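Please keep the sequence and the structure open while reading.

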Amino acid sequence: MTDENALLSRRDLLGKGAAFAAATAIALSPIASHTAKSEEIEGWAPFEGALDFAEAERGIGIVIYEGQDVPYTPDQIGEALTKWLHERGVPAQYFVHSPPGKQVTSISMIVTPEAVLGPYNLHDAMKNMPQAVERLRISQLHAPTGYTAALD
């Protein structure tokens, strides 16, 4: 499978990713974004990065689409959410996308390709963190060796 076909099949698999993009009014053209490590990534990369993290670490990848409606930076939000998860023994990493002109902050939590929670506003994301942990625990019971084989 070529890299382009792999990306397209991942996008198909992540049907919620398209809904997430539409719901948060982002452009699907490449736009510079940043992870918590300040690496330059583009377009679908925050969603792809969160999925890759969830699969590789058997944890939760968090996608934060920055808006202008909350008094916190995306890094403050991401650090608070990942800290909460780490305190419960859950591997977590956040990925930020800052589309120009976006008004509302949106947060999605990726547990597996089939378990994408959100998009949520900040309040609802915090309220649904226990559900994300529970979904992760259930997925680990049903796929103890990981879920990458389903993507091949």
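Searching the whole structure turns up 3 salt bridges, where a salt bridge is a side-chain nitrogen of Lys or Arg within 4 Å of a carboxyl oxygen of Asp or Glu. This is a predicted model, in which local features need pLDDT of at least 70 and side-chain atom pairs count only at pLDDT 80 or more, whereas totals for chains, interfaces and linings use all residues. Residues are numbered from 1 along each chain as its sequence is written, and side-chain values use heavy atoms, with hydrogens and water left out.

One of the salt bridges brings together the side chains of Glu-87 and Lys-83, at 4.0 Å from N to O. These two residues both belong to helix α4 (residues 74-87), where they are 4 residues apart, about one turn of the helix; helices (H or I, at least four residues) and strands (E, at least two) are DSSP runs, numbered from the N terminus. Glu-87 also meets Arg-88 in a salt bridge, at 3.6 Å from N to O. Glu-87 is exposed because its relative accessible area is 54%, while Arg-88, at 38%, is partly exposed; here buried means under 20% relative accessible area, exposed over 50%, and partly exposed in between (1.4 Å probe, protein chains only).

A further salt bridge links the side chains of Asp-124 and Lys-127, at 3.9 Å from N to O, and this pair lies in helix α5 (residues 122-127), 3 residues apart, about one turn of the helix. Through shared partners, salt bridges join Lys-83, Glu-87 and Arg-88 into one network. Arg-88 has another arrangement to look at, since its charged end sits over the ring of Trp-84, 3.7 Å from the ring centre; the rule asks for NZ of Lys or CZ of Arg within 6 Å of the ring centre and within 35 degrees of the ring normal.

Helix α6 (residues 129-142) has 14 residues and reaches 20 Å from its first C-alpha to its last, close to the 20 Å expected at 1.5 Å a residue, the expected span being 1.5 Å times one less than the number of residues. Which residues of α6 are buried? They are Met-129, Ala-132, Val-133, Leu-136 and Ser-139. These residues cover an arc of only 125° around the axis, so they lie on the same side of α6, the arc being that of the directions from the helix axis to the C-beta atoms. The exposed residues Leu-141 and His-142 are carried on the face turned away from the buried side of α6. The buried residues of α6 pack against β3 (60-65), α4, β5 (106-112), β6 (115-120) and α5, with contact meaning heavy atoms within 4.5 Å.

Strand β6 includes Ala-115, which counts as buried because its relative accessibility is 6%. Leaving aside neighbours within four places in sequence, Ala-115 is in contact with Met-109, Ile-110 and Arg-135. Ala-115 and Arg-135 are 20 residues apart in sequence but 7.4 Å apart in space, C-alpha to C-alpha.

Two backbone details remain. Most residues other than glycine have a negative phi, and most peptide bonds are trans. Gly-118 and Pro-119, however, are joined by a cis peptide bond with omega of about 10°, and Pro-119 is placed in strand β6. Arg-58, although not a glycine, has a positive phi of about 55°; Arg-58 is found in the loop between α3 (45-57) and β3, and counts as buried because its relative accessibility is 17%.
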